[in-house]
Amino acid sequence: MPNLEAFKKHAKQYLRWHREQYYPVAVTIREHLPRFRQLSDQEILAAGFRLTDAQELVGRKAGFEGWQALRTGAHTAMSKTHLHAEPILTSVAAHLYVRDLKASTEFLTTKLGFAIDFVYGDPPFYGQVSRDNALLALRSMDESFFAEDIRQREDLLSASITLASANEIRQLFLAYQAADVPFAQALRNEPWGAKTFIVKDPDGNLILFAAPAS
């Protein structure tokens with residue numbers, strides 16, 4: 001778990017994005033804060049949004065009931081960390097190479113249900129999105145980074161994301177299908193006892209979703 005200072009920085013970042021009318025943040029606000037749930041993106045960006053709201057957002061996004069619960073959890077996690085002699089790896093993010101960072105974040109948020117964690121650079125060239133415990137880092141590139149159609153030809157995956165059950169992956173596939181998400185492979189049963197499908201993003205990155213077959 002990131003330390004409390006990192007969470008505070010995240011809250012200030014969400015507050016700044018709202019003030020700057022950075023429209024992708026509206027999706028995250030609506031998803032995690034109940035009082036914004038029935039508002040459109042424009043209405044959310046026009047509404048009052050304070051630091052306490054941003055902190056509440058960060059707390060809920062991290063899986064807590066709110067900011068105070070997150071503060072308590074963060075302190076507890078830090079205390080437990082000091083008991084370990086060895087460093088603990090807390091997360092991993094797959095890297096996607098993209099042409100247009102804005103277009104890619106829009107695809108991942110509006111089509112795949114991810115939320116923007118941060119975007120960096122002027123102009124922006126690097127960012128991260130997340131959904132639940134899945135993290136995707138995005139790096140904007142001006143040059144060709146793969147030869148021709150080798151990714152699709154060789155089934156080269158850019159990321160693999162797992163779900164807990166066959167029912168969940170079926171629901172997710174149907175939701176993506178309804179949202180006109182482009183698939184490189186539809187939902188199917190694999191010989192090794194898994195259900196999988198593969199999404200193809202605007203830059204040709206192949207993102208695998210997998211779950212137990214039963």
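The legends below describe close-up views of a predicted model.

Local features are described where pLDDT is at least 70 and side-chain atom pairs where pLDDT is 80 or more, whereas totals for chains, interfaces and linings use all residues. Residues are numbered from 1 along each chain as its sequence is written, and side-chain values use heavy atoms, with hydrogens and water left out.

**View 1. Overall composition of the protein.** The protein contains eight helices and eight strands; these are DSSP runs, numbered from the N terminus, with helices (H or I) of at least four residues and strands (E) of at least two. Of its 214 residues, 39% are buried (buried, under 20% relative accessible area; exposed, over 50%; partly exposed, in between; 1.4 Å probe, protein chains only). Among contacts with a separation of 6 or more, 55% link residues 24 or more positions apart, a contact being heavy atoms within 4.5 Å. The protein exposes about 12600 Å², and carbon and sulfur atoms supply 51% of that area (Shrake-Rupley method, 1.4 Å probe; for residues, only the protein chains shown count as cover).

**View 2. The crossing of helices H1 and H2.** The axes of H1 and H2 come within 9 Å and cross at roughly 125 degrees. Axes are lines fitted to C-alpha atoms, for helices over the stretch in contact, and angles run from 0 to 180 degrees between N-to-C directions. The two helices are therefore oblique to each other (under 35 degrees counts as roughly parallel, over 145 as roughly antiparallel, 65 to 115 as roughly perpendicular, and the rest as oblique). The crossing of H1 and H2 is left-handed, a term for a near helix turned anticlockwise from the far one by less than a right angle, clockwise being right-handed. Tyr14, Trp17 and His18 of H1 meet Val25, Thr28 and Ile29 of H2.

**View 3. The surroundings of His18.** His18 belongs to helix H1, which spans residues 4–19. This residue counts as buried because its relative accessibility is 5%. Leaving aside residues up to four places away in sequence, His18 touches Val25, Ile29, Ile44, Leu45, Ala47 and Phe49.

View 4. Gln21 sits in the loop between H1 and helix H2 (24–32). Its phi is near 60 degrees, a positive value in a residue other than glycine. At 45% relative accessibility, Gln21 counts as partly exposed. Asp132, in the loop between E3 and strand E4 (134–140), also has a positive phi, near 55 degrees. Asp132 counts as exposed, with a relative accessibility of 71%. Pro123 occupies the loop between strand E2 (115–121) and strand E3 (124–131), and the peptide bond from Asp122 to Pro123 is cis, with omega near 5 degrees.

View 5. The strands follow the order E5-E8-E7-E6, with mixed pairing; two strands pair if DSSP finds at least two bridges between them. Strand E5 (159–162) and strand E6 (183–190) form the edges, each pairing on one side only. From one strand to the next, the twist averages 15 degrees. E5 and strand E8 (residues 206–212) run parallel and are joined by four bridges; Ser160 stands opposite Leu208 in E8. Helix H8 (residues 166–178) lies across E6, strand E7 (194–200) and E8, and runs at about 25 degrees to E7.
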